[in-house]
Amino acid sequence: MAQIFHKSFNSLSKVSIVVGGLVAATALTLVATANTTSWITYVGVAREQTPPFSHKHHVAGLGIDCRYCHTTVEEAGFAGIPATKTCMTCHSQVWTEAPILEPVRESYRTDKPLEWVRVHDLPDFVYFDHSIHVAKGVGCSTCHGQVDQMPLMWRENTLNMTWCLSCHRDPAQFVRPKDKVFDMTWTPPANQREQGEALVRDYHITSKTNCGVCHR
Amino acid sequence: MRAPIHCTAALLALAAAFLSAGCRQDMHDQPKLRGMRGSAFFADGRGMRPTVPGTVARGQLNDDELLHTGKLDGKPSEVFPFEITRADLERGRERFEIYCTPCHDRTGSGNGMIVQRGMKRPPSYHIQRLREQPPGYFFDVMTNGFGAMFDYSDRIKPEDRWRIAAYIRVLQLSQNGTLADVPPDERTKLEQQKTEGQAQ
């Protein structure tokens, strides 16, 4: 009976043990790295919108409060995307001829909602509630970044589970006084550790890290 | 001799196919509806269905004339539907500064940022006609709109609209205060400051 394997397979089989391990390790590293890049996480990727709404113009330029449009952020899970009527409150008088705003006017005329690209889209198996975060001193900019500096909206954080847990395990790093929650310019003071821990006590914040809090 | 290489390539392709099959996002994007999510099921593409005209949600009959229309016997109410405390005024101020200041500005004189950018200028709260209006009048304007101003009934709850009306009264008082309104001990301080100011 003839040899099934050529003689060279003796060394090939040895090499393949090492090479196989390397290939597997490289593949895993590649996948893990890819998952932290903005290609997957969309962090820092400004999203095209119709019309190209600028938070920078409306918040930093005009001084409009977050809650003027996101009316339910203090009492519901969803912060709320404003109705076209909210846009038209001003734009029925201001920039009434601007071609860029035609989709808004059309939406108002035809009663057909504007379709925005969702920037902060959690997986459907995650339950998140804005109201409790806002009520306990987690500011908008802690998660969303300095929205008042974003001409088009982008995601400032990955919204990965690791990222959620980094705060849930130690909220004192990020909690701020309640009257600063909607302040876009707030940054943690030098004594944030001390102040944060005091606020966690005062606001009765109990860190929730059990699975059922978010995956219910 | 070439067969093993073809075999390896085929195996790799198969592995890649199996691995990428694991990248489905079905759990991330479930076919359920959530607030403001679109739906291909309905012709108009909305997931949130508009209510049938005439629908009244439980607890939203809004049959309290004073609380929900700002009127008593068809006339703008002179009284508030609940007692206004300091906390109500502070809440009123907060809501005022969210929803009203873009046009009315923080003092209520009507020169807000949007007005500076071309919105029709609203009258100042401090003119005689508006100083004489009862709180129910302001509630009615917030609820039904007035002139170029849209209504805010869908954005501000009735209780908060009353608190804003109360805060408008505060602004009116603040802009038209006289020395006689100041408590005696504070008045002495003010008078001292005035004499010091004149001396300098």
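The following legends describe close-up views of a predicted model.

**View 1. Domain division of chain A.** Three domains make up the assignment for chain A: domain 1 (9-41), domain 2 (55-81 + 119-214) and domain 3 (82-115). Domain 2 is given as two segments, 55-81 and 119-214. Between the centres of domain 1 of chain A and domain 3 of chain A, taken over C-alpha atoms, the separation is 52 Å.

**View 2. The contact between chain A and chain B.** In this predicted model, 20 residues of chain A are in contact with 22 residues of chain B. On the side of chain A that touches chain B, the elements giving two or more residues are helix H4 (66-69) and helix H5 (84-91) of chain A. The most is given by H5(A), with 3 residues. By residue class, this side of chain A comprises 10 nonpolar, 4 polar and 6 charged residues.

**View 3. The crossing of H5(A) and H6(A).** Helix H6 of chain A covers residues 102-110. The axes of H5(A) and H6(A) come within 10 Å and cross at roughly 115 degrees. The crossing in which H5(A) passes H6(A) is left-handed.

**View 4. Residues at the contact of H5(A) with H6(A).** From H5(A), the residues taking part are Thr84(A), Cys87(A), Met88(A) and His91(A). They meet Val104(A), Ser107(A) and Tyr108(A) in H6(A). The residues of this contact divide into 4 nonpolar and 3 polar, with no charged residue. By contrast, the side of chain A that touches chain B includes 6 charged residues.

Technical notes:
Residues are numbered from 1 along each chain as its sequence is written. Chains are lettered from A and ligands numbered from 1 in the order in which they are written. This is a predicted model: local features need pLDDT of at least 70, side-chain atom pairs count only at pLDDT 80 or more; totals for chains, interfaces and linings use all residues. Two residues are in contact if their C-beta atoms, placed from the backbone, lie within 7 Å. Helices (H or I, at least four residues) and strands (E, at least two) are DSSP runs, numbered from the N terminus. Ala, Val, Leu, Ile, Met, Phe, Trp, Tyr, Cys and Pro count as nonpolar, Asp, Glu, Lys and Arg as charged, and the others, Gly among them, as polar. Domain bounds come from an automatic or database domain assignment. Axes are lines fitted to C-alpha atoms, for helices over the stretch in contact, and angles run from 0 to 180 degrees between N-to-C directions. A crossing is left-handed if the near helix is turned anticlockwise from the far one by less than a right angle, and right-handed if clockwise.
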